[in-house]
Structure formats: structure tokens, C-alpha cells
Amino acid sequence: TILDLGAEEFTSGRPHPMMDPSVRRQHLLALARQPQVAVILCDVILGWGAHVDPAGALASAWQEASRIAQDAGRSMIGIATVCGTSGDPQGLSGQRHILQEHGLLLADNNLQAVQFAAAVVGKSVPPAVPLQLSPFEDVTATAAAALSPVTLPARLPALFADGPRVINIG
């Protein structure tokens with residue numbers, strides 16, 4: 001099961017989980033009660049506007065969920081990724097350390113997290129094919145040609161030409 005707790009059905013009338021991690025805690029505790037759950041993947045997002053200690057909130061919820069599973073005679077594996085930099089107000093290395101201290105495995109990216117999870121349940125994920133990206137100027141020119149007849153100044157992303165536009169890949 002894949003839940004995007006930032007999706008509209010989970011955020012309607014409430015803050016996004018990166019600001020208010022209480023919805024994640026509720027789901028973790030519910031998942032810990034389900035005997036078929038072996039692995040849980042979570043992401044932690046750092047930066048301005050994110051929770052002041054997202055790793056601490058996840059670690060606390062993870063500890064509670066782990067106890068629920070243990071009390072039922074099971075164990076679960078938690079895998080987390082952290083999206084951020086050392087310049088974020090929460091501090092990348094400190095947030096990673098909190099997760100590790102509380103028993104979560106850290107993956108460097110989402111692909112690695114999925115590969116870890118698949119290995120735990122006896123499956124495998126094919127290796128990723130490296131994505132070939134064009135230089136920024138080529139991407140901008142290609143996007144600009146596809147999206148608008150407007151001539152863009154050098155290095156101006158097409159997203160900002162003639163009103164807001166979004167290209168979501170993934």
C-alpha cells in the first residue's frame with residue numbers, strides 16, 4: 001500500500017504532514033496493528049515551513065508503532081529518507097542522527113528505500129537506468145518551444161514565461 005499523506009484527501013482542512021506530523025503518527029500506529037505490515041517507508045522533509053523537528057516527531061511515532069508490533073509478537077522495519085541540506089533550519093545531520101538512534105534505516109534516496117524494502121520482503125527492484133538530462137539551457141528552450149510562442153530571455157525557465165506553468169515529472 002502506498003499512502004501519500006500530502007494528498008488532498010489527507011490535507012483537506014488541515015496542514016500538510018510536513019508541517020503537522022500528527023496524521024503520520026495516526027497512520028503509523030494503525031499500520032503497526034496490521035499483521036501483514038513488515039516494512040514502512042517514510043520521508044522527512046526539511047526547510048522553512050516544515051515542522052521544527054520532523055525527525056523527532058517521526059522517531060517518537062516510530063517507537064510507539066514498534067512497541068505495538070512487538071507487543072503483538074511481530075517486528076517491523078522502518079526505512080526513511082531525509083530531503084534537505086545542512087543549511088536547513090532543522091539541520092540535516094542532526095535529523096538523520098535522530099532517525100538512526102530510534103531504529104529507522106536511512107536510505108539516500110527513494111529508489112534505495114524501495115530496494116531496501118523489497119529486499120526485506122524477498123523481492124528485488126531492477127537497477128535504475130540513469131536518467132539523461134540535457135543542459136539547463138536545452139531543457140528551457142525545449143520547454144519554451146512546447147509551451148509558449150513567447151521568446152524567453154537567456155536562462156529564464158519556461159515555467160515563468162507568460163504566467164505560471166508547471167511540469168511535474170514524478
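**Figure 1. D88 and its contacts in the predicted model.** D88 touches L46 and G47, leaving aside residues up to four places away in sequence. The model shown here and in the views below is predicted. D88 sits in the loop between β2 (77-83) and α4. Is D88 buried or exposed? D88 is buried, yet has no salt bridge. The nearest side chain of opposite charge belongs to R96, 12 Å away.

**Figure 2. Overview of the fold.** The protein has 6 helices and 3 strands. Along the sequence they follow the pattern α-α-β-α-β-α-β-α-α. The protein counts 170 residues, and buried residues make up 32% of them. Contacts in the protein between residues at least 6 apart in sequence give a further view of the fold: 58% of them join residues at least 24 apart.

**Figure 3. Salt bridge between R24 and D43.** The count for the model comes to 3 salt bridges. One of them joins the side chains of R24 and D43, at 3.2 Å from N to O. Which elements does this pair link? R24 belongs to helix α2 (residues 22-32), and D43 to strand β1 (residues 39-45). The pair links distant parts of the chain, 19 residues apart. How accessible are the two partners? R24 has a relative accessible area of 17%, so it counts as buried, the cut-off being under 20%. D43 is partly exposed, at 37% relative accessibility.

**Figure 4. Salt bridge between R25 and E64.** The side chains of R25 and E64 form a salt bridge of 3.0 Å, N to O. R25 is partly exposed, with a relative accessible area of 36%. E64 is also partly exposed, and its relative accessible area is 26%.

**Figure 5. Helix α2 beside helix α3.** Two packed helices are described by the angle between their axes and the distance between the axes. Here the axes of α2 and α3 come within 8 Å. They cross at roughly 15 degrees. Why does α2 count as roughly parallel to α3? Angles under 35 degrees count as roughly parallel, so α2 is roughly parallel to α3. The crossing of α2 past α3 is right-handed. On the α2 side, the contact is made by R24, R25, L28, L29 and A32. On the α3 side, L58, A61, W62, E64, A65, I68 and A69 take part. R25 and E64, the salt-bridge partners of the previous view, are both among these contact residues.

**Figure 6. The buried side of helix α2.** Which residues of α2 are buried? They are V23, R24, L28, L29 and A32. What covers these buried residues includes β1 and α3. R24 also forms a salt bridge with D43, a residue of β1.

**Figure 7. Salt bridge between R96 and D108.** R96 forms a salt bridge with D108, and their closest N and O atoms are 3.9 Å apart. R96 lies in helix α4 (residues 92-101), while D108 lies in the loop between β3 (105-106) and α5 (110-120), so the pair ties together parts that are 12 residues apart in sequence. R96 counts as partly exposed, at 24% relative accessibility. D108 is exposed, with a relative accessible area of 58%.

**Figure 8. N109 and D43.** N109 is placed in the loop between β3 and α5. N109 is partly exposed, and its relative accessible area is 40%. How many residues separate N109 from D43 in sequence? The two are 66 residues apart in sequence. In space, their C-alpha atoms are 9.4 Å apart. D43 is partly exposed and also pairs with R24 in a salt bridge.

**Figure 9. A113 in helix α5.** A113 lies in helix α5. Is A113 buried or exposed? A113 has a relative accessible area of 3%, so it counts as buried. Leaving aside residues up to four places away in sequence, A113 touches L41, I79, T81 and A107. A113 and C42 are 71 residues apart in sequence. From C-alpha to C-alpha, A113 and C42 are 8.9 Å apart in space.

How values were computed. Residues numbered from 1 in each chain as written. Predicted model: local features only at pLDDT ≥ 70, side-chain atom pairs only at ≥ 80, totals over all residues. Heavy atoms only, no water. Salt bridge = Lys/Arg side-chain N within 4 Å of Asp/Glu carboxyl O. Helix = DSSP H or I, 4+ residues; strand = E, 2+ residues; numbered from the N terminus. Buried < 20%, exposed > 50% of the residue type's maximum accessible area, 1.4 Å probe, protein only. Lys, Arg positive; Asp, Glu negative; His and termini not counted. Contact = heavy atoms within 4.5 Å. Axes fitted to C-alpha atoms, helices over the stretch in contact; angles between N-to-C directions. Parallel < 35°, antiparallel > 145°, perpendicular 65-115°, else oblique. Left-handed = near helix turned anticlockwise from the far one by under 90°.
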